[in-house]
Amino acid sequence: MTTLSTTPQNPLVRALHRSGLLAEDLDYHVVRASMVIMFFFFGYQKWFPYEFERLVPFISNGPLIWWLYPVFGHAGASYFLGVSEWTFGSLLLAGFWDKRLGVLGALGSTGTFIATVTIIPFMPEGWDVAAGGFPAMTGNVPFLMKDVVLLAVSLYLLRQDVVRLIRQ
């Protein structure tokens, strides 16, 4: 059995190298850009009434964000989240040039996804009883599960930016 050689003679490796997929830091930049895009779109939807009501089961059952409704009301809570998401997205974008700002964005992103992941155990009717309950997701829980990955991505960016800052 032969293994994929990293020598320039391997045509697959040569093609991948020419395409830029093997460029140093490509994964880091793609992950950062995808988080910026994600925060822009999710932040944008927070400005519209359809989202105010869509957020009710999440905010109402969030052990770390339940306080948003008593403090800001439904529309205000949505606006608060939108501003937060645009702020973290902007800081992540600025992190392409300034790692200190990238660290702040990654910290905000990490906090965002800690807050949303902690909703999962408290979401009513989140586990399908007919299918045996946990781990058969239902309702809003499948939507929240993506945040487990986004939390991991946030931690990755935080680590990368701190390491790059230390090396400067």
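## Burial, contacts and rings

Student: Does Val36 count as buried or exposed?

Tutor: The relative accessibility of Val36 is 15%. This is a predicted model, in which local features need pLDDT of at least 70 and side-chain atom pairs count only at pLDDT 80 or more, while totals for chains, interfaces and linings use all residues. Residues are numbered from 1 along each chain as its sequence is written, and side-chain values use heavy atoms, with hydrogens and water left out. Buried means under 20% relative accessible area, exposed over 50% and partly exposed in between, with a 1.4 Å probe and protein chains only, so at 15% Val36 counts as buried.

Student: Which residues does Val36 touch, not counting those up to four places away in sequence?

Tutor: Val36 lies in helix 2; helices (H or I, at least four residues) and strands (E, at least two) are DSSP runs numbered from the N terminus. Contact means heavy atoms within 4.5 Å. Beyond four places in sequence, Val36 touches Gly89, Leu92 and Leu93.

Student: What relative accessible area does Arg32 have?

Tutor: Arg32 is found in helix 2. Setting aside neighbours within four places in sequence, Arg32 is in contact with Leu92, Gly95, Phe96, Gly102, Leu157 and Asp161. Arg32 is buried, because its relative accessible area is 0%.

Student: Which residues are in contact with Val31, leaving aside its neighbours within four places in sequence?

Tutor: Val31 lies in helix 2 and is partly exposed, with a relative accessible area of 22%. Its C-alpha atom is separated by 26 Å from that of Glu51, 20 residues apart along the chain. Leaving aside neighbours within four places, the contacts of Val31 are Val153, Tyr156 and Leu157.

Student: Where is Lys46 placed, and is Lys46 buried or exposed?

Tutor: The contacts of Lys46, not counting residues up to four places away in sequence, are Glu51, Phe52, Leu55, Ser78, Tyr79, Leu81, Gly82 and Glu85. Lys46 is in the loop between helix 2 and helix 3 (49–54). With a relative accessible area of 4%, Lys46 is buried.

Student: What distance separates the C-alpha atoms of Phe113 and Val148?

Tutor: Phe113 lies in helix 6 and counts as buried at 4% relative accessibility. Apart from neighbours within four places in sequence, Phe113 is in contact with Met35, Met38, Phe39, Asp147, Leu150, Leu151 and Ser154. Phe113 and Val148 are 35 residues apart along the chain, and their C-alpha atoms are separated by 7.3 Å.

Student: How many nonpolar, polar and charged residues has the contact of helix 5 with helix 6?

Tutor: Helix 5 and helix 6 (residues 99–117) pack at about 145° with axes 7 Å apart, where axes are lines fitted to C-alpha atoms, for helices over the stretch in contact, and angles run from 0 to 180 degrees between N-to-C directions. Phe88, Leu91, Leu92 and Ala94 of helix 5 meet Leu101, Gly102, Leu104, Gly105, Ala106, Gly108, Ser109 and Thr112 of helix 6. Ala, Val, Leu, Ile, Met, Phe, Trp, Tyr, Cys and Pro count as nonpolar, Asp, Glu, Lys and Arg as charged, and the others, Gly among them, as polar. By class, the contact of helix 5 with helix 6 has seven nonpolar, five polar and no charged residues.

Student: Why does the pair of Phe40 and Trp86 count as stacked?

Tutor: A search of the whole structure finds 16 aromatic pairs; rings of Phe, Tyr and Trp (its six-membered ring) pair if their centres lie within 6.5 Å, with planes under 30 degrees apart counted as stacked, over 60 as edge-to-face and the rest as tilted. The rings of Phe40 and Trp86 have centres 6.3 Å apart and planes at 15°, so the pair is stacked. Phe40 in helix 2 (residues 26–45) and Trp86 in helix 5 (residues 68–94) are 46 residues apart, and the pair links distant parts of the chain. The pair is stacked because the planes are at 15°.

Student: At what distance from the ring centre of Tyr28 does Arg164 lie?

Tutor: A charge sits over a ring if NZ of Lys or CZ of Arg is within 6 Å of the ring centre and within 35 degrees of the ring normal. Arg54 lies over the face of Phe143, at 5.5 Å from the ring centre. Arg164 lies over the face of Tyr28, and its distance from the ring centre is 3.8 Å.
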